[in-house]
Amino acid sequence: KEWTLFKRLAPPKKQSKITKMIFRKHYLYVSSLDSYITKWDFVKGIPKVETHSYGGAVWDMDIDKDRLACACEDGKVRVYDVKQLDFDYSLTTSYLEKPPSKYAVHCHGNRLHTVKFMKAGTRLVTGGFTGVHAFDVKHKICEFHIKLHEGMGIVWDVMELSDDLFAFCDAEGYVYFVDNEYGNIINRLHKHKYDVMALALSPSKKRLVSVGVDGQVVLYEFIDTGRWVISHAN
């Protein structure tokens, strides 16, 4: 079988730069650098509803049941109802942090690059210019904060591996494996020369892939001793 073009969706704004797309049933959720989140009716090929983040560019999104979480430029996670994109609440740290001085030229405030629902939707984990933050969704508080390289580490992506473990990658070429309960770093592996931009998990949850700006694709495997190890790099 071959892939063919089924339908083309024209963005409502010609200059809009898309950052993330998520399929849910016959709807497509799209975020962009111009601060908008759009819910498309994929069957009809038209936007059903659109909303503004009021927090700058939306760098990432994740969906859990009836909630849509957005990682925003201003360092906040904004949560919306998936039906009409009605704003529900936002999460942020209890204080403002200075971004890593090493990246000050490129850094804007407390920008979040990534957000993921974890622990069956009871936790939101973010990554960005000020490390990793884990939020309790019910009580809307920050449970733990992971700073890297003396506060100089930038996090690009996070990924839940199991109920007990999650991974994240940073601008120094590391992939970290973290206890999902208390935020303790269990291990870190270094194969990339530069920033590790994204992580992907296999359906079996036994293999993890990282990709970096150095062009490498690195495969990690979960072995019988209960550890994650580097299996292959290309």
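**Figure 1. The loop between S9 and S10 holds Lys119.** In this predicted model, Lys119 has a phi near 50°, a positive value in a residue other than glycine. The hairpin of S9 and S10 has four residues between its strands. Most residues other than glycine have a negative phi. With a relative accessibility of 21%, Lys119 counts as partly exposed, because the buried class ends under 20%.

**Figure 2. Strands S9 and S10 form an antiparallel pair.** S9 covers residues 112-118 and S10 covers residues 123-128. Six bridges join the two strands. Across the pair, Phe117 faces Leu124 of S10. S9 is mostly covered, with seven of its seven residues buried.

**Figure 3. Tyr54 also has a positive phi, in the loop between S4 and S5.** The phi of Tyr54 is about 55°, although this residue is not a glycine. Tyr54 is exposed, at 70% relative accessible area.

**Figure 4. Strands S1, S2, S3 and S4 make an open sheet.** The four strands are arranged in the order S1-S2-S3-S4, with antiparallel pairing. S1 (18-24) and S4 are the edge strands, each pairing on one side only. On average, neighbouring strands of this sheet are turned by 20° against each other, direction ignored. S3 (residues 36-41) and S4 are joined by six bridges, and Ile37 stands opposite Thr51 in S4.

Figure 5. Trp59 and Thr114 are 55 residues apart in sequence, but their C-alpha atoms are 6.7 Å apart in space. Trp59 counts as partly exposed, with 25% relative accessibility.

**Figure 6. A salt bridge joins Lys116 and Asp60.** The closest N and O atoms of this pair are 3.8 Å apart. The pair links distant parts of the chain, with Lys116 in strand S9 and Asp60 in strand S5, 56 residues apart. Lys116 is buried at 15% relative accessible area, and Asp60 is buried at 6%. Both residues belong to a network of salt bridges that also includes Lys20 and Asp157. The structure holds nine salt bridges.

**Figure 7. Glu73 and Arg111 form a salt bridge between two loops.** The closest N and O atoms are 2.9 Å apart. Glu73 is in the loop between strand S6 (67-72) and strand S7 (77-81), and Arg111 is in the loop between strand S8 (87-91) and S9, 38 residues apart. Glu73 counts as buried at 16% relative accessibility, as does Arg111 at 12%.

**Figure 8. The side chains of Arg78 and Asp74 meet in a salt bridge.** The N to O distance is 2.8 Å. Arg78 counts as buried, at 8% relative accessibility, whereas Asp74 is partly exposed, at 31%.

**Figure 9. Tyr194, Met197 and Val213 form a nonpolar patch on the surface.** Together these residues have about 290 Å² of accessible area. Met197 is part of strand S17 (residues 196-201) and is partly exposed, with a relative accessible area of 32%.

Terms used. Residues are numbered from 1 along each chain as its sequence is written. This is a predicted model: local features need pLDDT of at least 70, side-chain atom pairs count only at pLDDT 80 or more; totals for chains, interfaces and linings use all residues. Side-chain values use heavy atoms; hydrogens and water are left out. Buried means under 20% relative accessible area, exposed over 50%, partly exposed in between (1.4 Å probe, protein chains only). Two strands pair if DSSP finds at least two bridges between them. Axes are lines fitted to C-alpha atoms, for helices over the stretch in contact, and angles run from 0 to 180 degrees between N-to-C directions. Patches are made of residues with over 30% relative accessible area and no salt bridge: like charges are joined within 9 Å, nonpolar side chains (Val, Leu, Ile, Met, Phe, Trp, Tyr) within 5 Å. Accessible areas come from the Shrake-Rupley method with a 1.4 Å probe; for residues, only the protein chains shown count as cover. A salt bridge is a side-chain nitrogen of Lys or Arg within 4 Å of a carboxyl oxygen of Asp or Glu.
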